[in-house]
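I opened my notebook to look up a few things in this structure. Here is what I wrote down as I went.

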Amino acid sequence: MQMTSTPPPQHGPTDILIIGGGPAGLYAAFYAALRGLSVRLLEARPELGGQLAALYPDRVVYDVPAAPAAYAADIVAQLVRQLEPFDIDIRLNTLAHTLEADGAGWRVGTPGASYSAGAVILAAGMGALLPRLASNAHSLTDWPPSAVPAAPSAWIQGGVPQATRAALELAEAGTRVTLSHRRALFRGTPAQLSRLETLRQHGQIDVHAPAAADFAPVPPADLNIHLNGYLPDLSPLLPWPLGWQGEYVPAEGSGLTELLGVYVAGDLSSAGGAFKLIALAFAQAALCANHAAHHVRPELRVKPGHSSDRRITPKGEVV
Ligand SMILES: Cc1cc2nc3c(=O)[nH]c(=O)nc-3n(C[C@H](O)[C@H](O)[C@H](O)COP(=O)(O)OP(=O)(O)OC[C@H]3O[C@@H](n4cnc5c(N)ncnc54)[C@H](O)[C@@H]3O)c2cc1C
């Protein structure tokens with residue numbers, strides 16, 4: 001826990017504050033909202049989806065229940081779709097880094113603000129998935145950016161799926177794109193790679209691969225984008241007094257950590273042992289959200305009952 005010398009802007013409290021927008025965080029957000037709770041979610045990256053979006057959006061996942069052979073990006077899209085009826089406050093590009101007691105609940109600090117809640121659900125996975133630094137300080141290092149820049153020309157370096165995606169999105173917006181990678185291999189779904197080839201053939205994307213990145217002259221471009229992948233960073237959370245066991249936070253079966261009102265789900269939880277699976281993240285998220293619901297509103301039972309006995313209206317009311 002840390003104290004800031006100048007108090008940052010404080011935001012109104014919510015019942016639940018979730019840290020991390022991967023499968024565990026997204027599903028915890030859904031379940032907490034289903035229980036009628038107010039929910040805020042902080043995600044360090046510019047988009048939701050955790051490892052699925054950052055590390056392998058182009059890979060087919062076979063072991064997610066009821067989603068046979070689905071691209072990781074499509075699993076994320078479905079998780080986000082499940083949140084649509086609800087009024088969930090999602091803060092992207094927001095890194096949680098402090099935790100302090102706040103009355104009966106908790107207050108989480110970010111570099112620019114602080115957020116209080118009756119209960120916190122930690123769903124931070126391996127840590128904040130932050131882009132590897134680019135050699136060129138003036139480059140964009142993640143995709144999507146907060147606002148897609150309108151640039152006549154762009155030079156994109158990298159073979160990660162985000163590089164292919166950036167090339168396609170910019171080319172389709174009318175930017176003259178050069179895509180460069182040291183290997184003659186780009187990652188993306190078959191549809192993205194086929195579109196890349198079509199745009200290359202039509203001269204809308206100039207592909208340099210394999211390219212000797214260190215020696216090749218950088219073509220003059222209005223926008224430079226280096227997409228070198230992501231490294232997980234747990235360091236903002238490690239000072240939190242959670243009884244860490246290496247990179248894991250120990251938890252009871254309910255997901256409760258050593259701190260009353262702070263729960264943990266997904267890869268960060270010790271509960272799954274060495275199993276780092278999306279299916280486990282979902283199960284742990286459901287447990288956390290329902291126990292947290294009872295914690296912040298004791299009149300709510302822990303057990304949620306069956307969603308099939310209810311109806312979610314388009315306005316997010318559960319009747
Ligand atoms: C290449 C690869 C392939 C995989 N294939 C499969 C598979 O086929 N099947 C399967 O079941 N599992 C697979 N997995 C594992 C699966 O992706 C993880 O188990 C799952 O993503 C865990 O979800 P999570 O929500 O706990 O964590 P994550 O997905 O890691 O999400 C955590 C999120 O929290 C954010 N975050 C962290 N710290 C902070 C902070 N301080 N402030 C704000 N935000 C923060 C991160 O940026 C991240 O977005 C694979 C993993 C990899 C790397």
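This is a predicted model: local features need pLDDT of at least 70, side-chain atom pairs count only at pLDDT 80 or more; totals for chains, interfaces and linings use all residues.

**Binding-site entries**

I started with UniProt, where an unreviewed entry lists E43, Q51, Y56, A96, L129, D267 and S308 under "binding site".

**A96**

I found A96 in the loop between β5 (89-91) and β6 (98-102). Buried or exposed, I wondered about A96? A96 is buried, because its relative accessible area is 6% and buried means under 20%. Leaving out residues up to four places away in sequence, I saw A96 touch I19, L42, V108, G109, T110, P236, L237 and W240.

**D267**

I moved on to D267, which sits in the loop between β15 (262-264) and α6. D267 is buried too, with a relative accessible area of 15%. Apart from neighbours within four places in sequence, D267 contacts Q51, G125, M126, Y248, K276 and L277. Q51 is also on the UniProt list.

**α1 and α6**

The axes of α1 (residues 23-34) and α6 (residues 278-296) come within 8 Å and cross at roughly 35 degrees. The crossing is right-handed. From α1, I noted P23, A24, Y27, A28, Y31 and A32 meeting I278, A281, F282, A285, A286, A289 and N290 of α6. By class, that contact has 12 nonpolar residues, one polar and no charged ones.

Terms used:
Residues are numbered from 1 along each chain as its sequence is written. Side-chain values use heavy atoms; hydrogens and water are left out. Axes are lines fitted to C-alpha atoms, for helices over the stretch in contact, and angles run from 0 to 180 degrees between N-to-C directions. Helices (H or I, at least four residues) and strands (E, at least two) are DSSP runs, numbered from the N terminus. A crossing is left-handed if the near helix is turned anticlockwise from the far one by less than a right angle, and right-handed if clockwise. Contact means heavy atoms within 4.5 Å. Ala, Val, Leu, Ile, Met, Phe, Trp, Tyr, Cys and Pro count as nonpolar, Asp, Glu, Lys and Arg as charged, and the others, Gly among them, as polar. UniProt positions are given in the numbering used here, feature names are shortened, and annotations may be inferred rather than shown by experiment. Buried means under 20% relative accessible area, exposed over 50%, partly exposed in between (1.4 Å probe, protein chains only).
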